[in-house]
Amino acid sequence: MGCNSSTPQQPVAPPSRGGDGASNGGPAKPRSTAIKDATAKGSRNIDQGLRMAKIEEESKIKLLFLGAGESGKSTIFKQMHLLYGPSR
């Protein structure tokens, strides 16, 4: 005989994991669909970030200075920087 022998216990249902829509009043949505939606949203965000990075990279002007050491490559770069402004 245990401590609870006088009162029978009723089984308790485990708490919901949130995918059934009952907690927010919305329609029921399967958990796999919710995961796919979240994954698709994350993928769209990454794609948008990559598109923005590509546009930014394409707007840069690149210039390659070739020459022997002490030939004035840094001086030319500094003069262009002063005349045409800092990199954007």
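1. Helices, which are DSSP runs of H or I with at least four residues, and strands, runs of E with at least two, are numbered from the N terminus. Y84 lies in helix α2.

2. The model is predicted: local features need pLDDT of at least 70 and side-chain atom pairs count only at pLDDT 80 or more, whereas totals for chains, interfaces and linings use all residues. Residues are numbered from 1 along each chain as its sequence is written, and side-chain values use heavy atoms, with hydrogens and water left out.

3. Helix α2 covers residues 73-84, 12 residues in total, and reaches 16 Å from its first C-alpha to its last, close to the expected 16 Å (1.5 Å times one less than the number of residues). Just after α2, G85 adopts a positive phi of about 95°.

4. Y84 is exposed, at 64% relative accessible area (exposed is over 50%, buried under 20%, partly exposed in between; 1.4 Å probe, protein chains only). Together with L63, I76, M80 and L83, Y84 makes a nonpolar surface patch of about 560 Å². Such patches take residues with over 30% relative accessible area and no salt bridge, joining nonpolar side chains (Val, Leu, Ile, Met, Phe, Trp, Tyr) within 5 Å and like charges within 9 Å; areas follow the Shrake-Rupley method with a 1.4 Å probe, and for residues only the protein chains shown count as cover.

5. The structure holds 2 salt bridges (a side-chain nitrogen of Lys or Arg within 4 Å of a carboxyl oxygen of Asp or Glu). E57 pairs with K60, the closest N and O atoms being 3.5 Å apart, and with K62, at 3.0 Å. Salt bridges with shared partners join E57, K60 and K62 into one network.
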